[in-house]
Amino acid sequence: MASSPSSVASCCISRVSGDDSSEDNVLPETLQNQQIYLALNKEATEEELETAVAKCKELVLECDNLSPERKWLVRHLIELRLRLQEWREAKDDPQHPRNRSGISKRTIKGHHFVLQSIIKRGISKDCDHCTGTIWNFVQAWYLCDDCGFNSHHKCLSSIIRECAHVTATEQGQYEFKICPEIGLSAQKYKCAECKTSLPIALPKGILCFARYLFTGNTWIESQTRRCDYTGLYYCSGCHWGGEAVTPARIIHNWDFEQKPVCQATLQLIKVTLTRPIINLEKLNPKLFAIVHELDLVRRTRIELNLMRKYLLVCREAQKDHLLWKSVDTPHLIETTDLYSLVDLYEASNGELPSKLLNWASIFIKHIKETCEVCRGRGHICEICFNDEVLYPFDTSAVVCEQCNAVLHKICFSRTNECPKCVRIKKRLEKQTLYLYDDDDDCD
Ligand SMILES: [Zn+2]
Ligand SMILES: [Zn+2]
Ligand SMILES: [Zn+2]
Ligand SMILES: [Zn+2]
Ligand SMILES: [Zn+2]
Ligand SMILES: [Zn+2]
């Protein structure tokens, strides 16, 4: 019933590239006899690699243009060259992960980078710094444990983007202005992240300038792109055209359409998807009146919060791990007003209300039916003294804010007075009276 985090993530964000893609890369049979010249083993020396590059080039020229052999050889040639390059870089750099003394963990700009093992051919990723492909079979690369930033080893020292996990924690809150644009000229025609000069987009048909950026392996055409979340303009190295829902549009317009965002925003949204940091009641209380599902979610959360108080002090419920077993997102019952982006998304598609109602029915069954201790902790309305046992989370009940007495909503609305509070007040008055009498005696 509940969707997995990754399927929810795909509804809230869509990356352009950088995802795994596998491709068959088996050595074609016709090349089997050349195997020994192609330095397929990982431990090949510099000399063996140089010979293999030469041999590979030779074989490429002998192959037909569109043959599978040629395709395989071209890819292998790239890999051999990259491996040779890595080999030479490692010789001059004692920290290079290829060396025994190399470092497998690095902390840079708040990222916690962990060296990735060379798994297998055919899985490719894009470097979040230079945007170039990471040939993970031959190139050393790192992954940030906290935000998923991928980086070549050679790019580590030039990374400028802070870890999204750190940014999210420091800011503590989203930008709630819809696309707060300041304009390209205010940005001095520079990319908001890397500060590269941006090409000025002219009306189509007149002239169109494009700037070319060097990204490690290739020159790519750079375009000016706006991020819907920050409202700022970026180069195509910092804004890949990925899309995400933007919190401001959800909060103000209940709009879940994905919009183009820069890579930093994409990572920020990704790491905060399930963080309950949106106080909807404060930000836009009108939304509850317009969106029926949200109103239902709010009411059910208040009831669940009251049920939770029963279960926390019940030994039976604790023994059965009732709370822990049923609830996968504790903040939904620990608080009543904080929402994560995923919560709001699931409220919009109806998944959240049915999930909450399901928890409520499990808890009610325990409190009112199966558990004697919880059942005994019900209340009798002190206004009508009817036999009906009342629980604070019942829709017909109201809880006195002063003394926590549980009364019928109808009874309370008629008298507008809580009998327990009246009693307490009278007792206090009496006590003060006695005190004054005592004072008089002393005099
Ligand atoms: Zn890179
Ligand atoms: Zn990171
Ligand atoms: Zn940039
Ligand atoms: Zn119980
Ligand atoms: Zn009553
Ligand atoms: Zn009261």
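How many bridges join E1 to strand E12? Two bridges join them, and the strands, with E12 at residues 243-244, run antiparallel.

## Model and numbering

This is a predicted model, in which local features need pLDDT of at least 70, side-chain atom pairs count only at pLDDT 80 or more, and totals for chains, interfaces and linings use all residues. Residues are numbered from 1 along each chain as its sequence is written, while chains are lettered from A and ligands numbered from 1 in the order in which they are written.

Helices (H or I, at least four residues) and strands (E, at least two) are DSSP runs, numbered from the N terminus. Two strands pair if DSSP finds at least two bridges between them.

## The E1-E12-E13 sheet

Three strands form an open sheet in the order E1-E12-E13, with antiparallel pairing. Strand E1 (13-14) and strand E13 (259-260) stand at the edges. Each has a single partner strand, so one side of each is left without a neighbour in the sheet.

Strand E6 (residues 141-144) pairs with strand E3 (residues 111-115) in the antiparallel sense, over three bridges. Here Val114 stands opposite Leu143 in E6.

E6 also pairs with strand E7 (residues 150-152). Three bridges join these two, again antiparallel. Leu143 has Asn150 as its bridge partner in E7. The hairpin of E6 and E7 has five residues between the strands, and Gly148 there takes a positive phi near 80 degrees.

Most residues other than glycine have a negative phi. Cys179 has a positive one, near 35 degrees. Cys179 is found in the loop between helix H4 (164-171) and strand E8 (211-214).

Asn416 is not a glycine either, and its phi is positive at about 55 degrees. Asn416 lies in the loop between helix H16 (409-415) and helix H17 (419-442).

Burial is a count of other C-beta atoms, placed from the backbone, within 10 Å of a residue's own: buried at 20 or more, exposed at 12 or fewer, partly exposed in between. Cys179 counts as partly exposed, with 16 C-beta neighbours inside 10 Å. Asn416 is exposed, with 6 other C-beta atoms within 10 Å.

## Helix H9

Helix H9 (residues 292-313) has 22 residues. From first C-alpha to last, H9 reaches 33 Å, close to the 32 Å expected at 1.5 Å a residue. The expected span is 1.5 Å times one less than the number of residues. Buried residues in H9 include Leu294, Val297, Arg301, Leu304 and Tyr310.
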